[in-house]
Amino acid sequence: MISTMKAKFIFVIIIAIYIILTGCSVIPDESASSYPAVNGDVTRYDHCVLTTPDSKNGFYMSGDTLILTYDNGEVLVEFPEKLSDNITNLSNEMTFDRVLSNTGIFVSDMITAVSLYDSEAEHAIVYTSRDRGDNWIQCVIDLSEHTLVGDYVESVVPAAQFIGFTSEDNGWYIAVKDKGMGQGGCVLFKTKDGGVSWDETDTDISAIHPFFITGAGFANESHGFICFNNAVSPADIYETTDGGLTWQPIDLLSCFPQKYQTYKTLTASSPIFNGNLGYLPMSYFEGGEIYHIELISSDGGITWDFNE
């Protein structure tokens with residue numbers, strides 16, 4: 001017999017995994033909705049991050065082909081690699097039946113990036129394009145031996161990948177390892193040459209928080225955020241101002257109306273920035289339904305306000 005507390009823990013973990021970034025398909029401009037539907041035959045994006053700094057670019061899946069869209073769908077580009085290994089067919093009482101998972105995607109006019117994991121070689125492959133998908137460069141990131149906490153060296157088999165760029169040259173990539181029961185660890189890599197090479201950052205992320213990362217994003221090369229779900233209280237959010245070397249908890253729950261501040265299923269997704277304009281989407285589960293709310297920043301994430 002599972003205890004009430006443990007049952008609740010497992011329930012919230014399931015909900016957190018279900019919520020993660022299902023509403024983060026296209027990030028809007030100031031007048032757009034934050035949660036428009038994604039086109040295509042994939043109906044759910046689980047542990048998959050799409051970050052777009054404006055609302056005119058995006059993506060959809062056609063079979064196992066990733067279609068990148070630019071200029072409000074006027075320009076369509078097929079990603080050169082098939083994503084059949086990243087798509088799962090589900091049959092259950094939910095409406096979702098095709099899940100794209102463990103894929104990092106960033107779409108913008110300045111640069112486009114897609115991260116995939118090769119389980120046999122134990123490495124990630126980051127694809128980047130500076131010309132809207134006409135030409136791609138590849139860079140292999142070794143994930144076979146890393147120290148997440150203490151002196152223990154282990155392979156990082158990612159359950160989630162996060163990727164993004166703050167300029168044509170400066171970008172970041174995070175691979176998150178799921179250790180079970182909602183706990184995880186991660187590694188952070190950064191690039192200064194548009195994805196040609198990636199260097200690991202000596203970060204303390206895994207040491208500061210044991211639970212699974214549900215979102216990540218940088219406003220610029222130095223200022224970034226990581227969001228965790230700990231299953232027993234609302235979302236925990238940490239901030240860095242030194243490029244990811246160190247992280248400190250920040251209180252953003254106080255930005256919400258009082259009724260949201262105690263929701264234990266409140267889960268933060270990846271913050272997205274378009275210059276100084278930033279969005280931090282969050283989701284919560286209540287009465288069998290998932291609801292979306294968000295914070296908005298006009299100063300690059302220094303301050304946040306509830307976006308009603």
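**Briefing: pocket, sheets and confidence**

Strand β9 contributes the most to the lining of the largest pocket, with three residues. This is a predicted model, in which local features need pLDDT of at least 70 and side-chain atom pairs count only at pLDDT 80 or more, while totals for chains, interfaces and linings use all residues. Residues are numbered from 1 along each chain as its sequence is written, and side-chain values use heavy atoms, with hydrogens and water left out.

**Largest pocket**

- The largest pocket has a volume of about 350 Å³; a pocket is an open set of points on a 1 Å grid over the protein atoms alone, where a 1.4 Å probe fits and protein lies on both sides within 12 Å along at least five of seven lines, and the volume is the space filled by probe spheres set on the points.
- The lining comprises 16 residues, of which Asp-85, Asn-86, Tyr-117, Asp-118 and Ser-119 are the closest to the centre of the pocket; a lining residue has an atom within 4 Å of a point.
- Two or more lining residues come from each of β9 (112-118) and β10 (123-129), strands being DSSP runs of E with at least two residues.
- By class, the lining divides into five nonpolar, six polar and five charged residues, where Tyr counts as nonpolar, Asp as charged and Gly as polar.

**Open sheets**

- Three strands form an open sheet in the order β3-β4-β5 with antiparallel pairing, and its edge strands, β3 (58-62) and β5 (75-78), each pair on one side only; two strands pair if DSSP finds at least two bridges between them.
- Strands β3 and β4 (residues 65-70) run antiparallel and are joined by five bridges, with Phe-59 standing opposite Leu-68 in β4.
- A further open sheet has four strands in the order β18-β19-β20-β21, again with antiparallel pairing, and its edge strands are β18 (213-218) and β21 (248-250).
- Within that sheet, β19 (residues 224-228) and β20 (residues 236-240) pair over five bridges, and Cys-227 stands opposite Ile-237 in β20.

**Confidence**

- The chain averages a pLDDT of 75, and 70% of the residues score at least 70; pLDDT is the predictor's confidence in each residue, from 0 to 100.
- Confidence is lowest in helix α1 (residues 4-19), at a mean of 39, and highest in β10, at 94; helices are DSSP runs of H or I with at least four residues.
- Over residues 1-49 pLDDT stays under 50, and the model has 137 contacts beyond four places in sequence for this stretch, a contact meaning heavy atoms within 4.5 Å.
- Where pLDDT is low, the predicted coordinates should not be read in detail.
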